[in-house]
Amino acid sequence: MCLKVTVLDKNDSPPVFRDTPLTFNVSEDLNAGHLIATIRASDPDTLGTLSYSLLGGDDGKFLLEPDTGKLRLKDALDRELKNNYKLRVRVSDGVQHTDTLIIIEVSDTNDNPPVFDVPVYSFDIPENAPRGYQVGVIAAADPDLGNNAVVTYTVISDWANDMQHYILVVQAQDNGQPSLSTTLTVYCNVLDLNDNPPVFDAMSYSMEIYENVSIGTPVVTVTAADIDSGDNGRIEYTITSGDDNNDFEIFSNGTIRTRHLLDRETKIGHKKINIQILYRVSIALKDVNDEEPRFVSSNVTEMQENISTNTVVMVIKAIDRDEGRNGYIEYILEQDQALPFTLGAVDGLLRVAGKLDREQRASYTLNVTVRDRGEPSKSTRGQILVKILDENDNNPIFDPKQYSASVAENASIGAMVLQVSATDIDEGANGRVRFSIAAGDDNRDFSISEDSGIVRVAKNLNYERKSRYDLTIQAEDCAADLALANEGIEGRNKLLVPIENRYDIAELTIIITDINDNSPTFLHSPYIANVMENVIPPNSGFVIQVEAYDADTPPFNSLVRYFLKEGDTDLFRINASTGEISLLRSLDRETKAEYILTLVAMDTDFALIFNTTTFQRGDEGCIKASQSRLASKLNSQHNMASFIALLTIYD
């Protein structure tokens, strides 16, 4: 005796995580919904269904699908706030469970511009500073990592240079791709040194006056100059010798006047007066505000959309040939509506002050006025055209998201099924959409035009092989192609963050409709039956039943009809509906020991043209007429099956 014992499984083993340890790098610029990884586990038991869950450590930033184990971003990450996460994850089969840790390392993207440690710098420089003299140190910090945090400094503009004052616009730029930058203004003041003595315009002066001139009479005006500035260049005049009686005095403007009444007899000859210069007096031509400011910078500039706030767009520069206040320029941005720009009144730096979106507005025409500080002031008005360049910040969008169509299985190759449509509001290659079949057509029975979205039949279809296709259609833009064309393969490989195409998907259901392309097939062939002579079998002469199958769908195969094509139709008949062959009268083996009948099975599409009552016994005229029509049809139709039935008569 053989005894078979079946051991039933018991849920006594916990599931086990696969591919451990589980550590993943996730870029901080990925959007919510991005698939990070698929967590997998196996269970040696056969009972229960695996379910995944997050126990903690995700800070609300991650989502774990319980059925599939797909780990996705629930919210965007910021490496500068937190650079790694330790997720506690559980897999359970309903009874047993296992916990593990998933380490998420947040990788850096260049999303922070350098920031200066102070809003403005001012440095004093002595005028005798040698070449290479260190004026000062500026510093900016970038919270990103690696090349994204390496800062380089550049002087991008210098203006208002009048030998005493230099105003520099300095840019701090990181080495990220694309790089981010910040600018600030540096004021450099040249300090004067008292390194130049005053110099008289003339080496000596000679003047004659009458002795009876009144007190306070001007004698002569001496002038001297000192090229130093400030107090170092201000001059005072003093009589140091030659006037023992103090008969003369000198004023701050260098004019010598009589202080006392003069007496020639008391002092015969002339006085030689020595004058000491302690400081210099500058006399200069006073300016009149007769010149208007004039723009010298370009009136057109370009910039990327989505650029960071406070980024410098351009330096607007104007000059005024007047002097002092008459030549000091102010920059004014006229705003009759809210504009996402600001303009530095002193430095002329045009900066971004709000969000720029090319899809909402592709350009701005800014009205800028430059005005001096003269009395009265003069001004000039100009326009700056700011063109907003496109970034690939919009996905193609299918409308609608669901498509359906039907096509006959005998459709010719190249036949159009339908056309899908998707739009991308970006510009150029960023907005050029191309279509592809992403899933659902492993045999490539269909094709889609990359440009037009027209879906066509690519191979011969067969309803009996596959009657329904659920295709995933993808529409993606061509942003990466544009980057490859502009940078070349080597340049693209050097990009820290590869440029990826944006895409959308739609679902397309194609129903294959059946046609009558399959003939009925007899299930058993040939059929052989034995009949007793001189006896009509019971059940109305039943001899044998035949059966045929049609692979087509209703209504084509819902009704198969059977007919006698060749043989003794006066002795035998076949039930067109059931395929039962019956004997009409008794047979004599000695007369004929064997009968061969040729049978035909036809599907509904063809058989309905015949009336089965035509083949009833006793209507030989109808039988012959029907046989003639049938033979004609049988020679021309394909939707039928034919075979031979052999009937043997025995004693």
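Okay, ground rules. The model is predicted, so local features need pLDDT of at least 70 and side-chain atom pairs count only at pLDDT 80 or more, while totals for chains, interfaces and linings use all residues. Residues are numbered from 1 along each chain as its sequence is written, and side-chain values use heavy atoms, with hydrogens and water left out.

A quick word on terms: strands here are DSSP runs of E, at least two residues, numbered from the N terminus, and two of them pair if DSSP finds at least two bridges between them. Buried, when I say it, is under 20% relative accessible area, exposed is over 50%, and partly exposed is in between, using a 1.4 Å probe and protein chains only.

So, how many of the ten residues of β30 are buried? Seven are, so the strand is largely enclosed by the rest of the structure.

The structure holds seven aromatic pairs. The rule is that rings of Phe, Tyr and Trp (its six-membered ring) pair if their centres lie within 6.5 Å; planes under 30 degrees apart are stacked, over 60 edge-to-face, and the rest tilted. Take F341 and Y364: the ring centres are 5.3 Å apart and the planes sit at 80 degrees, so this pair is edge-to-face. It links distant parts of the chain, with F341 in β28 (residues 341-343) and Y364 in β30, 23 residues apart. F341 is buried at 1% relative accessible area, and Y364 is buried as well, at 8%.

Another of the pairs is F398 with F435. Here the centres are 6.1 Å apart and the planes at 55 degrees, so we call it tilted. F398 lies in β32 (residues 397-398) and F435 in β36 (residues 434-439), so the pair ties together parts that are 37 residues apart in sequence. F398 counts as buried at 3%, and F435 at 7%.

Keep F398 in mind, please. Which residues have the most contacts inside the largest nonpolar core? F398, F446 and I510, in a core of 24 residues. A nonpolar core, by the way, is a set of buried Ala, Val, Leu, Ile, Met, Phe, Trp, Tyr and Cys residues joined through side-chain atoms within 4.5 Å. Strands that each supply at least two residues of this core include β33 (402-408), β39 (468-476) and β40 (503-513).

The peptide bond from D399 to P400 is cis, with omega near 10 degrees, and P400 is in the loop between β32 and β33. T20 and P21 are also joined by a cis peptide bond, with omega about 0 degrees; P21 is in the loop between β1 (16-17) and β2 (22-27).

Two positive phi values, neither at a glycine. N246 has phi near 55 degrees, in the loop between β19 (237-241) and β20 (248-250), and is partly exposed at 42%. R444 also has phi near 55 degrees, in the loop between β36 and β37, but is exposed, at 65%.

Now the sheet towards the end of the numbering. Three strands form an open sheet in the order β43-β47-β46, with antiparallel pairing. Why is one side of β43 (542-545) and of β46 (572-574) left without a neighbour in the sheet? Both stand at the edges, each with a single partner strand, so that side has nothing beside it in the sheet. β43 and β47 (residues 580-583) share three bridges, and I544 has I581 as its bridge partner.

Last, cysteines. With a disulfide taken as a pair of cysteine sulfur atoms within 2.5 Å, the count is zero. C188 is buried at 6%, and C478 is buried at 5%.

Terms used
Helices (H or I, at least four residues) and strands (E, at least two) are DSSP runs, numbered from the N terminus.
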